[in-house]
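Dear colleague,

I am handing over the structure we spoke of, with its sequence, and would be grateful if you could look through it alongside the notes below.

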Amino acid sequence: DRMQKIRGILTSERLDGILISNPSNIYYLTGYAGFSATEREAFILITPNDAFLFTDGRYSEAAGKHIEHFQLLEISHKTPFGKLFHDAVVKKELSRIGFEANNITYHEYMMLAKSHLTLIPVNLTNLRAIKDQWEIIAIEKACKLGDDVFTYACEHIHAGITEKELAAQIELYLKEHGADAAFRPIIAFGSNASMPHHENTTRKLVDNEFVLFDLGARLDNYCSDMSRTVFHGKPTNQDTQMYDIVLRAQADAISYITQHLEKKKDISAMDVDNASRKVILEHGYPQFSHSLGHGTGIQVHESPSLSPLSKNLLTEGMVFSLEPGIYMADKVGIRIEDLATIQDHTLRILTHSPKELLCL
């Protein structure tokens, strides 16, 4: 089914082949997760009738054992990628080749151009947007582990612990349970939480302040993502009111999706973002600077995008986050984030940690 998606693009774009360089897309199409997510260690070339994997001797044995239906072409000093690629396109008489424009370097592009091909930029952003049943099960398992590590972290909150210490405990817990952190956990105490992508520090927790968690597990190569904000001590009425506004902003997004599913109407990701965002604005707080949500799967951030400019529709099989927030510079930050999916025309929430304001 996944290869058919690619070959459908070949047909629609009138291409002889597509060169794929994004490691997540390579895993998605081959099932082999051994290539680095940050370094260029492999390419795959898919044509209407053939599939080629280009990699070097560090991976050829393992990849050869795990990847079926691909012809392995081993990169070496004598046979660099450029030569192997050129020989393959000449042998198969290929002329129009698509490439991932947002995942290739200028140097690589110039190397491909030496083969005197017509190079066509192709957008594969939506390739992995709709998950199959197996993928949703894998994400749900990662979400369960995310819920577990959040419970564990809450048990270790105490005055004097630092953001870095709490983040380290989360990462260690995940490793001890056969997973990795899907991304660097964000732990933000008090005013540090006003920065949505705060860098953890040695700041110590004191009484009567918010603690913002943003964490995820990577289990069996699929990710979870969740944010919770708890309070250490006793919150003021204003603290509680702000928290309730964020919770309502998420609830309104959920309600918007649910109502449109019941009426079998198209669900605009942009309109879902707006339904949540306006709750924050109506109460006089600044709008959050990030999008309401994003897809999650092999990578933490995938298609679709739930933002004020999104053109996406939310459809069956998509997995996405819903994460409104209130941020006041140098004062406070509150975010609540869950992963959700649409299955059988129903919105299903995949993260289950408590959302009432926990006072620890």
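Predicted model: local features only at pLDDT ≥ 70, side-chain atom pairs only at ≥ 80, totals over all residues.

Residues are numbered from 1 along each chain as its sequence is written, and side-chain values use heavy atoms, with hydrogens and water left out.

To begin with the helices (DSSP runs of H or I, at least four residues, numbered from the N terminus, as are strands, runs of E of at least two), the axes of H8 (residues 237–262) and H9 (residues 269–282) come within 8 Å and cross at roughly 155°. The axes are lines fitted to C-alpha atoms, for helices over the stretch in contact, and angles run from 0 to 180 degrees between N-to-C directions. H8 is therefore roughly antiparallel to H9, a label given to angles over 145 degrees. On the H8 side, the contact (heavy atoms within 4.5 Å) involves residues including Ile-245, Ala-249, Asp-252 and Tyr-256, and on the H9 side residues including Val-272, Ala-275 and Val-279. By class, ten nonpolar, two polar and four charged residues make up this contact of H8 with H9, where Ala, Val, Leu, Ile, Met, Phe, Trp, Tyr, Cys and Pro count as nonpolar, Asp, Glu, Lys and Arg as charged, and the others, Gly among them, as polar.

Turning to salt bridges (a side-chain nitrogen of Lys or Arg within 4 Å of a carboxyl oxygen of Asp or Glu), the count comes to 20. One of them joins the side chains of Asp-56 and Arg-58 at 2.8 Å, N to O; Asp-56 is buried at 16% relative accessible area, while Arg-58 is exposed at 58% (buried means under 20%, exposed over 50%, partly exposed in between, with a 1.4 Å probe and protein chains only).

Another salt bridge, also given as 2.8 Å, N to O, pairs Lys-83 with Asp-87, which lie four residues apart in helix H4 (residues 81–91) and are thus separated by about one helical turn.

Lys-355 and Asp-338 meet in a salt bridge at 3.2 Å, N to O, and this pair links distant parts of the chain, with Lys-355 in the segment after strand S19 (346–349) and Asp-338 in strand S18 (residues 338–343), 17 residues apart. Here Lys-355 is partly exposed, at 23%, and Asp-338 is buried, at 1%.

How values were computed: Parallel < 35°, antiparallel > 145°, perpendicular 65-115°, else oblique.
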